[in-house]
Amino acid sequence: MKVEVLTCLALTAASFVAIVTGGRSSGRRKHKEVFLGENSKFKFGGRIDYKLKRQDSTKTLLIKSEQLLRIEEHDFAMRPGFGGAAIPVGIDVQVESIDSISEVNMDFTMTLYLRHYWKDERLSFPSQNNQSRTFDSRLVKKIWVPDVFFVHSKRSFIHDTTMENIMLRVYPDGNILYSVRVTVTALCSMDFSSFPLDTQNCSLELESYAYNENDLMLYWKNGNDSLRTDEIVLSQFFIEHFHASSGLAFYSSTGWYNRLFINFILQRHIFFFMLQTYFPTMLMVVLSWVSFWIDRRAVPARVSLGITTVLTMSTIITGVSSSMPQVSYVKAVDIYLWTSFLFVFLSVIEYAAVNYCTTLEEMRKMKRGKIPSTFNASQAMAFDGCFHDNDIELTTFSQMAPALTTDPLTTPTQNPDIRPMEGTRLRRQRSVRENVDLLVNNSYMIDSYSRLAFPLSYLLFNTIYWSLYS
């Protein structure tokens with residue numbers, strides 16, 4: 001009897017505990033639902049589904065876009081209209097800037113907006129207001145896009161700050177606009193035969209990598225108006241003209257491909273090279289002529305001046321060559337620099353000839369006794385050359401007829417026994433040997449002739465040079 005009473009009491013206590021615990025849990029759930037309901041009404045003005053609230057809205061929109069375009073229903077590894085005619089793909093380019101042009105590497109770097117236009121009916125969708133939809137790079141990876149690449153490119157990349165600069169716009173009828181902002185460094189075969197008075201013609205070439213002309217047809221979307229440029233200012237070049245063109249490229253293993261060209265003509269600014277190369281070269285050549293007015297016996301002065309101008313010209317030539325590619329032909333600037341170097345070098349050789357002739361002249365006069373024994377050659381270097389020429393008697397040429405003897409430094413004499421014919425003047429032409437002897441005996445005349453011959457020759461060279469290359 002006692003056992004039954006204890007059992008009944010235990011069951012009663014367990015039931016009471018269960019009722020109390022269940023009431024508390026029910027109250028907590030009810031309180032949570034009330035809190036969520038009030039919070040939802042406060043934020044959104046109505047009730048929302050708690051399960052829908054936990055989902056990512058961005059992912060939901062992406063799934064809706066893929067469902068709208070029926071991406072999962074088609075194989076976008078194949079081009080549109082596979083097995084039929086070639087799909088036309090229009091190209092439109094806007095050049096943003098030309099970042100750099102390198103003569104050493106023979107390339108240029110360009111930043112541009114590359115836009116593709118084609119139609120893919122697999123991406124058509126119903127729309128009441130015929131409004132297009134714009135997407136970024138995340139959807140581009142799931143559909144077919146043209147595989148256009150840059151021919152002869154060395155480096156290229158798509159800008160990714162702050163996101164990848166890619167835009168995809170899909171219209172309800174299936175027309176697609178695909179735009180990317182890309183920077184490319186491409187080869188430009190330059191001809192430096194007229195450098196720095198040259199004009200370079202460079203081009204950026206676009207082509208499909210996998211699809212030949214039977215599968216894909218590249219063309220300029222709006223003809224010549226398909227290529228647009230911003231205002232581009234370069235430091236060393238002036239852009240004369242931008243124009244678009246097209247052609248075909250043949251590969252022996254895969255066939256013919258459509259190729260598009262972005263052509264631009266670059267005219268080099270000459271003013272920079274005039275300041276850095278041509279003007280200093282001209283000054284060095286003119287400076288080398290100063291030695292023609294210095295006493296021919298002032299050996300240290302004339303030698304120092306000649307060596308200084310030669311070394312300066314060598315420095316200018318080395319500086320220009322270091323900034324240029326190692327080409328196997330002669331450039332216009334090379335012709336000017338080396339010709340100027342030749343003028344400077346000849347001025348040094350001219351003084352060597354003057355000094356040698358002066359030495360011979362003095363040695364001959366010492367043998368003939370025309371120079372006194374008290375003559376000091378080292379002291380004579382401090383005086384002008386005319387001092388010695390006036391004080392020393394110069395002999396005339398004995399082999400010439402007395403009646404026709406003519407010396408450039410003495411007054412012509414006439415034999416009184418021989419009367420010349422009236423109205424007739426005879427002049428005997430000297431031979432080359434006689435002229436050489438005259439210069440040796442009168443070495444100061446070499447400087448006199450050089451003062452006129454060197455400037456006139458250099459002026460003639462500049463006239464011919466600038467008329468040919470300008």
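So, Asp92: with a relative accessible area of 3%, this residue is buried, where buried means under 20% relative accessible area, exposed over 50%, and partly exposed in between, using a 1.4 Å probe and protein chains only. Before I go on, this is a predicted model: local features need pLDDT of at least 70, side-chain atom pairs count only at pLDDT 80 or more, and totals for chains, interfaces and linings use all residues. Residues are numbered from 1 along each chain as its sequence is written, and side-chain values use heavy atoms, with hydrogens and water left out.

Okay, which side chain does Asp92 meet in a salt bridge? That's Arg228, at 2.9 Å, N to O. A salt bridge here is a side-chain nitrogen of Lys or Arg within 4 Å of a carboxyl oxygen of Asp or Glu. Asp92 sits in strand 1 and Arg228 in strand 10 (residues 227-229), so the pair ties together parts that are 136 residues apart in sequence. When I say strand or helix, I mean DSSP runs numbered from the N terminus: helices are H or I with at least four residues, strands are E with at least two. Arg228, for its part, is partly exposed at 35% relative accessible area.

By that rule the count is 13 salt bridges. Another one joins the side chains of Arg122 and Asp120, again at 2.9 Å, N to O, and both of those residues are buried. Then there's Arg138 with Asp136, where the closest N and O atoms are 2.8 Å apart. Arg138 is exposed, at 51% relative accessible area, while Asp136 is partly exposed at 26%. There's also a network, with Glu103, Asp198 and Arg268 joined by salt bridges that share partners.

Now the strands. Two strands pair if DSSP finds at least two bridges between them. Strand 4 is joined to strand 8 (residues 199-208) by four bridges, running antiparallel. If you want one to look at, Val148 has Ser208 in strand 8 as its bridge partner.

What is on its covered face, and what is on the uncovered one? Ile166, Leu168 and Val170 are covered; Met167 and Arg169 are uncovered. On one hand, three bridges join strand 6 to strand 3 (residues 133-135), antiparallel, and Phe135 has Leu168 as its bridge partner. On the other, strand 6 pairs antiparallel with strand 7 (residues 175-187) over five bridges, including Arg169 with Leu177. The hairpin of strands 6 and 7 has four residues between the strands, and Gly174 there takes a positive phi near 100 degrees.

The peptide bond from Thr161 to Thr162 is cis, omega near 0 degrees, and Thr162 lies in the loop between strand 5 (153-158) and strand 6. Phe195 and Pro196 are also joined by a cis peptide bond, with omega about 0 degrees; Pro196 is in the loop between strand 7 and strand 8. His152 has a positive phi near 60 degrees without being a glycine, in the loop between strand 4 and strand 5.

Last stop, the aromatics. Rings of Phe, Tyr and Trp (its six-membered ring) pair if their centres lie within 6.5 Å; planes under 30 degrees apart count as stacked, over 60 as edge-to-face, and the rest as tilted. That gives 26 aromatic pairs. In one of them, Tyr465 and Trp466 have ring centres 5.2 Å apart and planes at 90 degrees, so the pair is edge-to-face. Tyr465 is buried, at 2% relative accessible area. Both rings belong to one aromatic cluster, whose members include Tyr278, Trp289, Phe343 and Tyr469.
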